[in-house]
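Good morning, and thank you for coming. Please look at the structure on the screen while I go through a few of its features.

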Amino acid sequence: MEAEATPNPRKGIFTSISDFIWKHGTFYRLHLSFFTIVPLIASGIFYGCNGRFHVSYLDSLFICYSAMTVTGLSVINLSTTTPWQQALLYILMILGDFTTVSWIMVLVRKWYFRKYIEKDVIKSRYNHPLPKKTRTLFLKSISSPVNMFKQREEVPASEVNPTFELTEPTPHVTMNVLTNDPASEDEEHFLADVRTFSSSPQAGSFALPQEPTFSLRSTGVAFSPTTAHQPRTLTIREGVAFPRRTATIYSPHRKVDPDLKKFEGKGGFPTPTTLLKKLLKRGAPKTYRNLERKMTMPYTETLTAKKVPWLSFDGLVVGRNSAFRTETLTDEQLETLGGVEYRALRLLSYLVPCYFVGTQLLAFIILAPWLSATTRYNSVFASQPKMVQKPWFSLFVILGSYSGGGLSLVDAGMVPFQGAYLMIFALGFVILAGNHALPIFLRFIIWVWYKIVGENSETGKTLSFLLHHPRRCFLYLFPSHQTWFLFILLVVFSILEWVAFEVLNIGLPFFEQMPKGPRVIDGLFQGLAVRASGFAIVPLASASPALLFLYVVMMYIAVYPIAMTIRSTNVYESESLGVFEEAPDEEDEEPADLHKLEPRERIGRYLLWHLDRQMSIDIWWLVWGIFLVAVIERNNLLDESKKWFDLFRVVFEMVSAFGGIGLTLGLPTDNFAFSGGLRPLSKLVIIVIMVRGRHRGLPVGIDRSVTFPRELNPRANVKRKQGLYEENGNGVPAAQA
């Protein structure tokens, strides 16, 4: 046998970096690194492109991070920047846009399917270099999320073959662990090994404790296992339950005693949600039942070829959030699933950029010719330190609206365009298309496309898969019920902000000076901008304090609808498919008893759990950020000559930065954001808050749309690294004899 060639121990720098990324990289870590490093590099370029109006490096750093995180807070007048600097900010807003990041992840996962999985599976199965690509091998390599980890070999039978003897029915619902030794009945009892109920091949080798006796009190049948070595007996014990290891299970259809209803709610008083629910139930019972049915989350469903067009076989079991149960599927069925999912990724790789370009192009076609033709706003552009061409301004402001970047080459923002209805509607459309309504518009386009092409075509089957299981492929595409939930919240929030703008500003000078038409249209636009782009179409510093406080709340919760929907539709394979080495911590685990609750209770508890998790993750960053800025700006806050420099303005700016909004109360002496009047150290704090805020809406755990298939089996990865087993041809432990 010839000696194997000794590998070169000295790796190139790119190989070392690649190995490090594959070993330690996750979507969240790479995302955070990208949003930290790229603006840092861009700030040096921005500073080097200074022109007649010099921009300090700190301000260059701030504006680059603001553009990259699509926040939109500006500490300089952008009209004074050079064309190269403006182009750099434009590129940064594209790179930091939510659509762009999601599209890049689609491309990466598509590339990974084609390259790495095919290579790994073929090498492991056939033990030879990668041959020429064929369709069959390609489809095998991309079959299903866990088919490459699926156990194909039979689990060896245990050396001890138990038999079961029928004893008698039992009437209740608890099982207690006892022993045959009467003297030990007062000792603490517990399950000896939690892995007794595991489905792994290893679990069959654990020895049972000697002569256990179980007291079953359940509506069903009791069994007693016996073996050739030593009989084991399950016996019935009459009387009361053994108190040490019991669990009380309430009926999912239990009704609250009318005399105890007074103790429900907060301190015995009904919550606003409860009152609204009762009002809806009594006033519109049919609508209430429909909403209740739509918002109830099914846990498992068995699909057939007649139910869904994209499925060519019967018996696919799908768990909650599109978790496919693939254990009993054949290779051909797995290949079918993988082929559909790959085609969905390929379709999205074309659809998403077309959506990104198409929506902005539509707004540009509406805005740019009109703005170039009209002379009404020529004075706005002429009054700035440097002249900005109207077509370039239109392109820049449209991207700022779509991405939520909120940067504008007109220093006064949208205030000079209060009566420009065509511009307001065009920008309002792209604000919705790129932010609040991105999942809604995308799903609507896919649905219309599906209705046009029909369910029998190959494209129709792929579109049907995206409609039924969107989160397996794209981060900001959700199932029907969750999309309706987002639509309802969008309408409710928009109406609330619109009405508040019209009512709370009554009697204020700036509001009374506005014509009635702009009052209505500008109020709607301002409400949309508060939760996305951050454009101010009215002087916010003169607005009602109550309205400003409402805007603070709305800026903070702006990310919650989509963030909670991402978390609640997180498509990862459950424990039964080997995702977790151990059960997750209790605080990170979703409520496990939702199926025991009444339908009307499920959605409330589920959403409240995700809301609590989201708030516990991010609120501390905001608290510490405000505290540090308050410490740094103490002298300014206590300066009697600066009445406008108060703590509320600091809170408003910090929430805007943390929410990625960019709305600001500004400075009385200039057109840029309030951040421009802060000390250098405070600006650095805001940069950190902007970067952290940009990551609020991302999945905090394993998520199918941002995870490579091989990462969905950490148990196998850990054991592979430890050398605890050899893999068979499917990337799973080879069966032990």
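Let us begin with Ile488, which is partly exposed at a relative accessible area of 40%; here, buried means under 20% relative accessible area, exposed means over 50%, and partly exposed lies in between, with a 1.4 Å probe and protein chains only. This is a predicted model, in which local features need pLDDT of at least 70 and side-chain atom pairs count only at pLDDT 80 or more, while totals for chains, interfaces and linings use all residues. Residues are numbered from 1 along each chain as its sequence is written, and side-chain values use heavy atoms, leaving out hydrogens and water.

Ile488 sits in helix H15, residues 480–504. Helices are DSSP runs of H or I with at least four residues, strands are runs of E with at least two, and both are numbered from the N terminus.

Now consider helix H18, residues 545–557. Its buried residues include Leu547, Leu548, Tyr551 and Met555. An α-helix has 3.6 residues a turn, so residues three or four places apart point the same way.

Is Gly72 buried or exposed? At 8% relative accessibility, Gly72 counts as buried. Beyond its neighbours within four places in sequence, Gly72 is in contact (heavy atoms within 4.5 Å) with Ser66, Gly405, Gly406, Leu407 and Gly662. Gly72 and Ser403 lie 331 residues apart in sequence, yet their C-alpha atoms are 9.8 Å apart in space.

Finally, the whole chain: of its 737 residues, 46% count as buried, and it has 24 helices and seven strands.

Technical notes
The expected span of a helix is 1.5 Å times one less than its number of residues.
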